[in-house]
Amino acid sequence: MTTMPSRNSEGYQVWNPSVGNYFKPASNERESYGGVVGALQDQIASQNGVVKAYPPSFAGIIAAIKELTFTLTDTPVDPDVKPPGGEIGIDAEGNPIWIEIEAPRDGELWFDTRQGRLFIAWEGEYFQTNGADGLAVVTNTTEPPQSPVIGQFWWDITTSSLYIFDGFWRDINGEIDGIWSEGATPIWRAVTSTAGGDVSTATLPLSGATRTPVGAVLPDLEGRTMDVQRDYNEWIHDALESLETAVEAIQNEAPPVVVTIDTAPPANAVPGDLWYDSAGLELSIYYEDENSSQWVPTAVSYNYDSELTILNSKIENEKFERSNLLNEINAKLVLTASSDETNNLTSDIARLEEELQAIRSASVIKTEGIETLQEKVLALQNATPDLTGLQTIAQASSQFNTLTSAINALPTAKDLDSVAASIPSINNLSTTAEVTAAIANITNDFLPRNGGIIQGNLKVNKNDIGLPGLDFTESPTDSRMAFKFVTNSGYEDNTETTFGTTNNFWEYAYNFASNEDFCWIYNDTNKVFSITKEGPACSTLFLGDIKDNTLEGRVLSNKIDVKDRLTKYQSAFEQMRVGVQSSTDFNSLRENILSSIANF
């Protein structure tokens, strides 16, 4: 008997001992991927599906899950006031909106208990199973229904006209929107009318219709909804007539404009009169304000002739003044040349020349003095040297005697022997060879250099707080499985767990293969946090901004208790679900929803 799968008559791999029969391969693999694969094979077999051979890996688990999805025998039907896979929320304006959490699967059914209709999901949308039933509301008045559903018809028996609701509403401000709001009315689109047979402007829907602004001149809508072309045509006609009437009234009330063509402005002009200067070829209008009245050119053309005349006059005056100054300077120069001051200046120049000649003669005398100094230096170099400044023999003998006295003051051999006798004996001290042997024996008597077993605890007293107690940073591989632990599993063979780096970049990990539980336990009784192969778990979870610790420990601000908040949400959702089920119309639905979320 083999444990490898074989193929049945349809070509599928099945498990022995009997070809075509399902064999549970994972009964002894509860702690591996094979156990997950076996559980999925059990489910496939319970749904009468074809059980195939899946490898005990993530790929096998994924393939088995897909096969399990394909073997669903019953499509769920959810009877409810709302479709499954979502919830009703409230937008920023307080209006209910539909929030889709999970798109429906193709073929999923939903029975709308409000309308008594059955819907089927296809490509993420629900469609009515019997198509759009098109149930029409028939009224004896022109007042349309106020709470329609998309695709509903309305037959106005008074005008024999058929309308359809396409999901658009007109709010209280006259704006068109695809979402209902408080006070909004539905927009009914005319389909056809039996009064005229074919479609006319009275029934033709107006594309992109909006409420037309009404001003002081434009006419009111007068009951027109601007949904059909006829309403817009009638309003345009009335608007043109109103504009024409307003223009005629303005023309009748305005006084006639007087235009005068002459070289001089007319007398007794009133504001608004025009004067065309036939000489200056310029058109002006008579303007009057609170303080003055004047003719203002309609097209301003600036004339700088007067300014240029003033500027030229200033230039001529400046030129005249500069010329007068030059004449005065020339006159002074001529007067100076013929005066006594000129004679004095000539005398001063002659005196300066004599002084310059005297300076030149003094320079010759200085040169002769330098040559005399050079001769004296040469004589000094050839003279016999004077030794009177050198030390004499008597002085040298005196210094020798001083040095001898200093030497005699030093310790004698007898003194040194006395000191040697006081030095302790070194006979009992260890030699260099003995110290070397003792160091070599440390690895035998204590912890070996290449590892070993520590009997008792190891305590580290760090003198430098900047250094680690244990250092694994010599290379990335030194941190691989830095620590190893054994778990009290309750079985004969306890499992082992390691902590350190892995082959993945930036990764530190606890590696375990069984039911290990990594916990934070407070006071030996309260398990605050736990991580197992099933994932993390905690009894309480807080979210908030983490501040610097104090003497009391951790400090959180803006703290949110997730467990308490989720409990409140669950209670509110349950209350909301009950309120939605008990609602009879939109107003009661809205009140029930607002009541359920009031305590958020």
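Before counting anything, I noted what counts as an element: helices (H or I, at least four residues) and strands (E, at least two) are DSSP runs, numbered from the N terminus. By that rule, I got eleven helices and 25 strands for the chain.

Some ground rules for my notes. The model is predicted, so local features need pLDDT of at least 70 and side-chain atom pairs count only at pLDDT 80 or more, while totals for chains, interfaces and linings use all residues. Residues are numbered from 1 along each chain as its sequence is written, and side-chain values use heavy atoms, with hydrogens and water left out.

**Burial.** I took buried as under 20% relative accessible area, exposed as over 50%, and partly exposed as in between (1.4 Å probe, protein chains only). Of the chain's 600 residues, 16% come out as buried.

**A helix pair.** I looked at α10 (residues 562-582) and α11 (residues 586-596), whose axes come within 9 Å and cross at roughly 170°. The axes are lines fitted to C-alpha atoms, for helices over the stretch in contact, and angles run from 0 to 180 degrees between N-to-C directions. The two helices are therefore roughly antiparallel (an angle over 145 degrees counts as that). From α10, the contact (heavy atoms within 4.5 Å) uses residues including Ala-572, Met-576 and Val-580, and from α11 Leu-589 and Ile-593 are among them. I sorted the contact residues into five nonpolar, six polar and no charged. For that sorting, Ala, Val, Leu, Ile, Met, Phe, Trp, Tyr, Cys and Pro count as nonpolar, Asp, Glu, Lys and Arg as charged, and the others, Gly among them, as polar.

**Cysteines.** How many disulfides does a search of the whole structure find? It finds zero, a disulfide being a pair of cysteine sulfur atoms within 2.5 Å. I also checked Cys-519, partly exposed at 29%, and Cys-538, partly exposed at 35%.

**A proline in a loop.** Pro-144 sits in the loop between β9 (136-139) and β10 (153-156). I have Pro-144 down as partly exposed, at 22%. Leaving aside neighbours within four places in sequence, Pro-144 is in contact with Trp-154 and Trp-188. Its C-alpha is 9.1 Å from that of Ile-187, 43 residues apart along the chain.

**Positive phi.** Glu-123 isn't a glycine, but I found a positive phi of about 55° there. Glu-123 lies in the loop between β7 (117-122) and β8 (125-128) and is exposed at 63%. Trp-506, also no glycine, has a positive phi of about 65°. I placed Trp-506 in the loop between β19 (496-501) and β20 (508-511), exposed at 84%.

Technical notes
Angles under 35 degrees count as roughly parallel, over 145 as roughly antiparallel, 65 to 115 as roughly perpendicular and the rest as oblique.
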